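The sequence and model come next.

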Amino acid sequence: MSKEQENKAIVGRWFTSFWGLKCDLSIVDELAAPNMLLQYSLHEPRRGHADIKAFMADFRAAFPDLSFGGAADLIAEGDYVVGRWVGGGTHSGAAFSDFLVGSLPAATGRKMHFTGTTVLRLENGKIVQEIGLDDGVTALTQLGLIRTV
């Protein structure tokens, strides 16, 4: 198996186990480098196992049905894997204050559904960076945190 195929397999497991419908936070210890950077435009950057796990636990407490899935085949070159995705969820849980533009009170019932592209960098079989560009305007508009004219 080539390095690119191995990296795509690791990222595929990450997307399924971390971002999929059922999150298994032990995947962070298994596949993420100790000082991994997780960065998306809607949230403050997160770094390290504990910070990444706390982010996802809070996100899923607020959006219990949160789920993301692939929208195209993964592309790999050297240490990098790129994936397009679609996902979202319903804010039916706890209050959520992690969005950079504002907070949600508990259980608004609002739904978000949006897309994005993520670039992951791996070293020695571990994910060291996950940096994504998401359609945050769509998600934040659906959640009522920003308005369009």
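Which residues line the largest cavity?

## Basis

This is a predicted model, in which local features need pLDDT of at least 70, side-chain atom pairs count only at pLDDT 80 or more, and totals for chains, interfaces and linings use all residues. Residues are numbered from 1 along each chain as its sequence is written, and side-chain values use heavy atoms, without hydrogens and water.

## The cavity

Leu38, Gln39, Tyr40, His43, Glu44, Arg46 and Phe55 line the largest cavity. A cavity is a set of points on a 1 Å grid over the protein atoms alone where a 1.4 Å probe fits but cannot get out, and lining residues have an atom within 4 Å of a point. The space in the largest cavity is about 40 Å³, a volume being the space filled by probe spheres set on the points. Strand β1 (residues 32-40) gives the most to this lining, with three residues.

## The pocket

The largest pocket holds about 210 Å³ of space; a pocket is an open set with protein on both sides within 12 Å along at least five of seven lines. Of its 17 lining residues, Trp19, Tyr40, Phe68, Trp85 and Glu130 lie nearest the centre.

## Thr118

Thr118 belongs to strand β6, strands being DSSP runs (E, at least two residues) numbered from the N terminus. Thr118 counts as buried because its relative accessibility is 0%, where buried means under 20% relative accessible area with a 1.4 Å probe and protein chains only.

The side chain of Thr118 makes a polar contact of 2.8 Å with that of Tyr40 and one of 2.7 Å with that of Trp85. A polar contact is a pair of N or O atoms within 3.5 Å, one able to donate a hydrogen and the other to accept it within protein; residues adjacent in sequence count only if both atoms are side-chain atoms.

Conventions
Helix = DSSP H or I, 4+ residues; strand = E, 2+ residues; numbered from the N terminus. Buried < 20%, exposed > 50% of the residue type's maximum accessible area, 1.4 Å probe, protein only.
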